[in-house]
Amino acid sequence: MLTQEKRLGYKNKAVFGGLERLASNWGSEALQEATTDQERALINEIVQDLARYPEVAEADRPHFIHRLLVKLHKIGTDAPAKSNQERETSAPAAPRPAPPIEPLIMRQESPLPQPEARMVSKAAPPPSQVKRSDVPHRPPAPPRLSREAQADLSSAGLDSLVTRLPGIKEAMAKKLANLGVRTISDFLSLYPRRYDDYRQLKPINQLRYGEEVTIIAQVWETRQRDTRNGRPIITSTLSDGTATIEVTWFNQPWLAQKLQPGLQIVISGKVDEYLGRLTFQSPEWEELDKNLIHTGRLVPVYPLTEGITIKWLRNQIKATVDYWTRRLPDYLPEESRQRLAMPPLDESIRQIHFPDDWEKLEAARRRLAFDELLLIQLGVLRQRRAWQAQQGQPVTINSEAVEKLLQALPFPLTSAQRRALDEITADLQRDTPMSRLLQGDVGSGKTVVALAAMVLAVLDGGQAAILAPTEILAEQHFQGMNRLLVAIGEALGRSFQIRLLTGSTAAAERKELLDGLAGGQVDLLVGTHAIIQSGVEFKSLRLAVIDEQHRFGVEQRAALREKGFNPHMLVMTATPIPRTLALTLYGDLDLSIIDEMPPGRQVIETRWLTPKERERAYSFIRSQIEKGRQAFIICPLVEESEKTEAKSAVEEHKRLQTHIFPRLKLGLLHGRMKADEKEKTMAAFRDQEMHILVSTSVVEVGIDMPNATVILVEGANRFGLAQLHQFRGRVGRGEHQSYCLLLADSASVEAEQRLAVIERTNNGFELAEQDLQMRGPGEFFGTRQSGLPDLKLVKLTDTKLLELARQEAQFIFEKDPGLETPQNRLLARQLANFWSPRSDLN
């Protein structure tokens with residue numbers, strides 16, 4: 001470590017956390033090995049020197065490190081020479097002979113051996129005996145690395161590429177990259193997806209069909225035969241002194257040489273049956289005298305990719321965990337860890353990979369899941385602090401103008417809408433730029449609240465923009481706002497210039513629009529990602545609105561902010577989020593909730609149907625169309641796939657038009673269509689030029705078709721509650737009763753629970769709570785889409801842990817918002833790694 005510090009220019013970066021972090025750990029280990037008082041004194045001096053290394057001026061550090069190296073050299077060299085007798089007694093012991101074999105588990109008077117297991121006949125050669133004491137129950141010692149490997153790793157760090165690890169070359173590194181493993185740290189955070197419990201040790205004569213067990217036995221014989229296709233089958237006969245059993249492996253010819261008669265091995269797997277006899281087929285196995293990694297314990301099962309076997313990956317992770325966890329500083333402050341009763345980080349990493357038991361595994365998972373939630377919350381609190389530290393542009397608001405604006409609307413605002421608008425207007429008048437999340441169910445009236453705020457910004461001489469995720473939704477916002485602005489303008493005695501900017505905007509129109517935007521003639525801009533592209537400049541952007549904010553990442557939100565001088569920011573979502581989760585994931589945003597529906601809003605009748613009821617659904621759609629209504633039919637895919645039975649929009653449109661609704665006109669809409677094709681299709685459906693629109697999930701967000709009264713969702717079991725609720729919101733926007741039909745092609749227990757819940761309630765917030773309970777914080781919201789780091793270990797039962805992490809983050813942040821105190825330095829570094837562009841837990 002000291003040599004590495006010299007190579008790095010004495011910057012105190014040789015060890016994660018600095019050399020001062022190394023002091024206590026190294027000192028305790030060294031003192032255990034010390035044999036004289038002189039050595040102990042030197043070790044204590046070195047520990048004290050390491051602890052004060054950060055205080056040493058950089059110019060003095062070369063001499064300081066040199067003196068440390070001299071002291072280290074003295075340890076051991078000054079020890080008295082050993083006598084010949086001592087050398088003899090310390091000589092390596094002779095190899096221990098193989099233990100005699102006896103039944104692994106003492107035979108009980110009953111039960112009798114099972115008839116399916118072959119008993120050892122008197123004519124069989126007597127097996128040697130295996131003692132139970134030879135079964136390793138204590139945690140195995142870490143595998144020893146060669147001197148060359150240790151020398152190479154001594155200059156490596158957690159952020160070093162995996163090619164620094166022994167046995168990993170470039171070709172294997174490329175395969176590991178498919179699993180998200182690029183650095184040594186990635187290996188530590190490649191968590192198992194499940195565990196096989198192979199701790200149950202049994203003699204062969206007590207095995208039962210279907211059990212997951214471990215046996216210890218001796219190889220009697222091994223033979224190989226080939227199938228008709230030339231594929232090798234290896235069969236070994238094993239005995240433990242109580243009975244024999246056959247074990248079979250496929251396509252592993254090298255086992256014929258490895259499994260020699262007399263070899264004692266450990267087998268773990270599921271007991272199978274063949275021709276009335278118990279067998280094992282392709283179980284895990286290891287030699288008895290080796291550290292047990294694949295057998296006889298809770299065995300981790302990792303995600304795999306082509307070219308990587310589970311056994312190789314498990315061995316590699318075991319070596320990495322054993323070597324690096326002893327060098328892993330704990331970034332969670334000691335005060336927090338003690339108060340929350342959390343296990344240390346190194347222990348948690350070891351137990352999450354190779355747990356001693358289920359209890360220690362859950363304790364490790366809870367600690368690491370807590371870390372994920374804590375780092376998420378600290379990150380959003382940091383973003384909030386940074387944003388609030390900036391100078392904003394307050395908007396002067398005339399209360400009389402607000403009342404005139406609201407009176408000009410064709411409908412009164414609900415009390416929830418008015419409350420949200422009051423919260424927004426209060427923010428607009430502050431020096432600090434607003435950063436607020438407006439949350440409301442489908443059809444609750446978020447857009448009109450946003451429009452009112454945009455008008456108020458324009459009345460004070462500024463400009464406003466709203467960013468939508470799709471051209472269809474942007475066009476809809478533009479048309480709806482344009483209609484409302486006519487009435488608002490008349491009430492306020494002025495006109496408003498509103499324009500639409502999308503990727504489909506013609507070049508000439510785009511140039512004219514951009515000139516008007518830069519010159520201040522354009523008051524309100526509605527658009528898609530085209531708004532945040534280079535060349536789009538506002539004269540004075542005062543308010544930026546993002547619709548369906550989870551469709552945009554951190555980068556897009558930042559790009560929109562940069563279009564003005566710290567403009568006020570309002571983000572909207574029609575995906576109701578439980579308050580606790582919203583405060584954690586969006587702690588950088590103030591929260592406004594519209595939890596009340598406008599009067600007269602239809603309650604949509606929802607029915608969950610089986611495939612056998614498909615014809616009934618078609619008949620119902622026909623009856624609605626005969627009344628002059630229209631319908632949506634949603635498919636999970638764009639095109640057919642060999643790997644799934646889900647219906648595709650393209651094939652389903654063709655089938656429905658030809659065989660089911662030949663006399664009706666059907667349209668097709670999916671994400672691969674060009675923007676102008678989508679616009680034409682939506683316009684034709686809106687103008688009632690077609691009866692049924694067959695679509696993928698592109699219609700999930702915001703599309704407003706008042707004449708559509710029925711939506712049929714194919715493969716409903718493949719969608720989450722939030723998405724199904726969004727689909728349902730596409731209908732019921734007119735005066736007629738509307739219906740949502742959910743057709744499940746097949747359904748797991750979890751899918752059935754989702755479908756039953758959405759059939760029962762129309763309340764989006766209730767559905768959100770149910771979704772959180774069913775899928776958990778880690779999956780509830782697409783963290784990749786929202787620009788947040790991934791949550792790898794958070795699960796559905798962690799709602800209390802989520803609240804605990806939020807409270808702890810606030811406690812830490814209130815005491816040390818910059819994470820600058822010595823006890824928080826490691827936490828600050830971990831936070832930076834966690835929120836890095838790759839968003840991997842490092």
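Seven strands, in the order 11-12-10-13-14-9-15, form an open sheet whose pairing is parallel. Two strands count as paired if DSSP finds at least two bridges between them. This is a predicted model, in which local features need pLDDT of at least 70 and side-chain atom pairs count only at pLDDT 80 or more, while totals for chains, interfaces and linings use all residues. Residues are numbered from 1 along each chain as its sequence is written, and side-chain values use heavy atoms, with hydrogens and water left out.

**The chain as a whole**

- The protein chain has 29 helices and 21 strands; helices (H or I, at least four residues) and strands (E, at least two) are DSSP runs, numbered from the N terminus.
- Of the 842 residues of the protein chain, 51% count as buried; buried means under 20% relative accessible area, exposed means over 50%, and partly exposed lies in between (1.4 Å probe, protein chains only).
- Among contacts between residues at least 6 apart in sequence, 72% join residues at least 24 apart, a contact being heavy atoms within 4.5 Å.
- The protein chain exposes about 40,100 Å², of which carbon and sulfur atoms supply 49%; accessible areas come from the Shrake-Rupley method with a 1.4 Å probe, and for residues only the protein chains shown count as cover.

- Strand 10 (residues 463–467) pairs with strand 12 (residues 524–527) in the parallel sense over 4 bridges, and Ala-465 stands opposite Leu-525 in strand 12.
- Helix 16 (residues 446–459) lies across several strands, including strand 9 (435–440), strand 13 (541–546) and strand 14 (568–573), and runs at about 170° to strand 13.
- Helix 17 (residues 471–492) lies across strand 10, strand 11 and strand 12, at about 175° to strand 11.

- In strand 21 (residues 739–743), 5 of the 5 residues are buried, so the strand is largely enclosed by the rest of the structure.
- Both faces of strand 21 are covered, with Tyr-739, Leu-741 and Leu-743 buried on one side and Cys-740 and Leu-742 buried on the other.
- Strand 16 (residues 605–609) runs parallel to strand 21 and is joined to it by 5 bridges; the bridge partner of Arg-607 in strand 21 is Leu-741.
- Strand 20 (residues 708–714) also runs parallel to strand 21, with 5 bridges joining them; here Glu-714 has Leu-743 as its bridge partner in strand 21.

**Aromatic pairs**

- The structure holds 7 aromatic pairs; rings of Phe, Tyr and Trp (its six-membered ring) pair if their centres lie within 6.5 Å, and planes under 30 degrees apart count as stacked, over 60 as edge-to-face and the rest as tilted.
- The rings of Tyr-195 and Trp-358 have centres 6.3 Å apart and planes at 85°, so this pair is edge-to-face.
- That pair links distant parts of the chain, as Tyr-195 in strand 1 (residues 194–197) and Trp-358 in helix 13 (residues 358–388) are 163 residues apart.
- Tyr-195 is buried, with a relative accessible area of 16%, whereas Trp-358 is partly exposed at 41%.
- Phe-719 and Phe-727 also form an edge-to-face pair, 5.0 Å centre to centre with 90° between the planes; Phe-719 is buried at 6% relative accessibility, and Phe-727 is buried at 0%.

**Thr-214**

- Thr-214 lies in strand 2 (residues 212–226) and counts as buried at 0% relative accessibility.
- A polar atom of the Thr-214 side chain lies 3.5 Å from the backbone nitrogen of Gly-296.
- Leaving aside neighbours within four places in sequence, Thr-214 is in contact with residues including Tyr-198, Val-266 and Gly-296.

**Positive phi in two leucines**

- Most residues other than glycine have a negative phi.
- Leu-275, with phi near 55°, lies in the loop between strand 5 (264–274) and strand 6 (277–281) and counts as exposed at 71% relative accessibility.
- Leu-819, with a positive phi of about 50°, lies in the loop between helix 28 (799–815) and helix 29 (825–834) and counts as buried at 8% relative accessibility.

Methods: Axes are lines fitted to C-alpha atoms, for helices over the stretch in contact, and angles run from 0 to 180 degrees between N-to-C directions. A polar contact is a pair of N or O atoms within 3.5 Å; within protein, one must be able to donate a hydrogen and the other to accept it, and residues adjacent in sequence count only if both atoms are side-chain atoms.
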